[in-house]
Amino acid sequence: MFYILQTSCISPQATYPPPGAGAGIGAAGIGAPRAPVDNMLKAVEPSYEGIPGSVLRRMSKSVKMGVGAALPLLSSVPQGILIGTGNGGMEDSVKFLKQIIDYDEGLLTPGTFVQSTANAIASQIGLLHHNNGYNATYVHRGLAFESALIDAAMLVTEHPGHSYLVGGVDEISNHHYRFEYTEGWYKKEDLSGKDLYTTDSPGSIAGEGSAMFLVSGAGANALAEVKGILTLRSEDDNTVKAAIQAFLERYLPAGTLPDLLLSGENGDNRGFSGYERCEDMMAPDTTIARFKHLCGEYPTASAYALWLACNLPPVLPGHLVKRLSKEKPYRTILIYNQYEFSQHSLILLERSL
Amino acid sequence: METAQLKQQLKQQIIEFLNLSDIIPDDIKDDKPLFGEGLGLDSIDSLELIVLLNREYGIVIKDLKEGRKVLVDVNTMVDYIEKNRTK
Amino acid sequence: MGVISAVGNSLAENRSALRAGQGGITLSRHLPTRYAGILPFGEVPIVTDDLKDKLSVTDPGITRTTLLALHAFREAIADARLTESVLSDPATALVGATTVGGMCLTDELYRDMSGPCEGSAFLSSYDCASVHMYLQDRYKMQGLATTINTACSSSANAIQFGTRLVRNGRARRAIVGGTDSLAKFTINGFNALQILSTGHCRPFDRDRSGLNLGEGAAFLVLEGEEALAEAAGGEAGKKIYAELTGYCNTNDAFHPSALSAEGDGPYLAMKGALLSAGLNATQIDFINTHGTATENNDEAESRAIVRLFREPPPFISTKSYTGHTLGASGAIEAVYSTLSLEYQEIYASLNFEQPIPGIGLQPVQAYGVCPLRHVMSNSFGFGGNCTSLIISKVN
């Protein structure tokens, strides 16, 4: 499908700036994870010194994180920019909405309106680097990032030799958090000091972040190859199981299964069986790891998972591991993620080890 | 209000309204062009300044063409405010 | 194909209005906005409750945007004779686009935001994805589905993305399109940018003074050769309107809400579309322009056309009929371009009197029948997102 050449990530952990080439994140990114506060994992934001003040002043948090994470990858001048975002622009949309109400549709400032559009992230990245290439934004909630990946997979086939910037970005919007909380997607109880994965209750914790990837069809010096992507909408057990099975048979050599399953299990006890279903399809010697205690739950959390998969140290920190099978290089990694139970995605990655 | 005071107040309001967090009022010279080479504001800022003049001083500027004549620098803005404010 | 707009609830009604030169821009009858009696809009003249009844929708929390999408979607799948099993086929993709999504529910959103959030039925409907997730559920669609938001070029991008899914073998057919409904949110946003006209919009006219916002939806069923061959073997009469032969997505990269004076993004998009279709500029018989009637767009688009086409082909803006339907515009205008090809006709561009000084381009001003082989359709949006499509007659 395509190769990942470089990665960059702003997240609730110390993952930015990206380390030098070949360095791997080691313990710095995920050694001693930061815990949620008020059941939220907010991003550790850099100073954004690469973004001119005249532009930075207008940006919403998701645009800042998107542009900030993209900057280290732009010196390679990609031929296109593809961004997935579920809630991008929501906070600024609400700010503008407040103005509409407060001033009764009178004279309003347009800045927040312009910044509230979901495509502001991709277009600001393009604007800052005068990039006239392909520019797209996908907003299909839990599959927004995967949609961008699928587009990138097609683009590298259509334009051999080109490289593309692909990313997934979301911020914790206070208002969106309230809606999601009311709908039961977040824990009602305080999780301080508790393990997300053993609280036997519905809901998860809110997260945010921006993960960016420079991808191309050429594999020289690549960190990893994305070999397969699947997106699915279903709440039927059998349908999901059959889709996972077909995916594994299609993209893995016969009789083999991944070295590592990176699972989007998020502590919501209503989703356990769904993730267990995927775990049961793995080999006995597949290690199972989880990532949402690091990034929280948000529509493009799978982008964080892909970043993590590309940057894992040879020995996994204990907090990542659900089931450690025999220690071996984690070359073939399957990421399985669900969003709100009905949107499923699978990404199969082969790392250059 | 004295003109000098109004200028200082306006500079502070411009900074807050346009979120120019890396400058202070003294950085904005009275005759420094707001657009182009000077403060470097753009077309969206000009619309925002029209809203500022309305909300703080009750001034109605009908459109951008009219706005361009007023929004040259702090001097022209203060001059216009003094002549047209209703608040 | 399927379409609903200010000028009609179906393909036939839209075509009838276009042929007659009858625009649908009026003062609003239904919008709960203080601009209802002041600004003209391209409003679909059916209130939301009536749309719900017409479409037999009883689910709570369904927005006007979703209803408009459903209306056009139904017409498209019936027109393409897609059976239930074809719709549920994992090889059938759904690529939709919208910029407003559920933000048409300004008042409900405000209540949900500011009250002690008990949660209205709309809590999960405010985003753009909700529109297409509803269609997925209603029609039990199991194939790839996604939602695109690139401002005014959104549904043009849905069309090129769906085309490429089929060409790359990731789907056998793709139902693609876009929707937007009139909303206080966008009305006030565009008003704050001072680009709304108080009169009927005048695309490419010297005295144009801004756009009229509109609403609507359009869907197109794109089928690959394999799917068509199957259909040909099965029930007779499957209509093929045209072929998507070219497309290009570029970014103007000049300003968040304005195009560069020389129209770099539009120029590159149109040029790239020609390249992807293997055509040269002289082979384009007609352009359905983006033509919003803002000072900025029409000048930039005109300059780009003059740069690319030594002899600019005939062109119109159908926004003088429907208003600017934002996320739906790419799809609605692709449908109109396809109707032009199907019936070998060009519709009049309304409200034009004097060309833009220094450029001098004049749109077609009267309905006419003429041979058309390749039609270009342009969509340029905020954030510099520019997409150009080329639709061609099938031999």
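This is a predicted model: local features need pLDDT of at least 70, side-chain atom pairs count only at pLDDT 80 or more; totals for chains, interfaces and linings use all residues.

Mentor: Residues are numbered from 1 along each chain as its sequence is written, and chains are lettered from A and ligands numbered from 1 in the order in which they are written.

Trainee: How many residues of chain A are in contact with chain C?

Mentor: Two residues are in contact if their C-beta atoms, placed from the backbone, lie within 7 Å. By that criterion 43 residues of chain A are in contact with 49 residues of chain C.

Trainee: Which domains does the assignment give for chain A?

Mentor: Domain bounds come from an automatic or database domain assignment, and for chain A this gives domain 1 (2-216) and domain 2 (224-351). Their C-alpha centres lie 21 Å apart, and 51 residues of domain 1 of chain A are in contact with 37 residues of domain 2 of chain A. The largest share of the domain 1 side, 6 residues, comes from H7 of chain A.

Trainee: In what order do the strands of the open sheet in chain C run?

Mentor: Two strands pair if DSSP finds at least two bridges between them. In chain C, 5 strands form an open sheet in the order S8-S14-S13-S9-S10, with mixed pairing; the edge strands, S8 (243-251) and S10 (315-316), each pair on one side only. S13 (374-380) pairs in the parallel sense with S9 (286-288) over 3 bridges, C:Asn288 standing opposite C:Ser377, and in the antiparallel sense with S14 over 7 bridges. S13 and S14 of chain C form a hairpin with 4 residues between them, and C:Gly383 in the turn has a positive phi of about 75°.

Trainee: How many residues of S13 in chain C are buried?

Mentor: A residue is buried if 20 or more other C-beta atoms, placed from the backbone, lie within 10 Å of its own. For S13 of chain C, 7 of its 7 residues are buried, with C:His374, C:Met376, C:Asn378 and C:Phe380 on one side and C:Val375, C:Ser377 and C:Ser379 on the other.

Conventions
Helices (H or I, at least four residues) and strands (E, at least two) are DSSP runs, numbered from the N terminus. A residue is buried if 20 or more other C-beta atoms lie within 10 Å of its own, exposed if 12 or fewer, and partly exposed in between; C-beta atoms are placed from the backbone.
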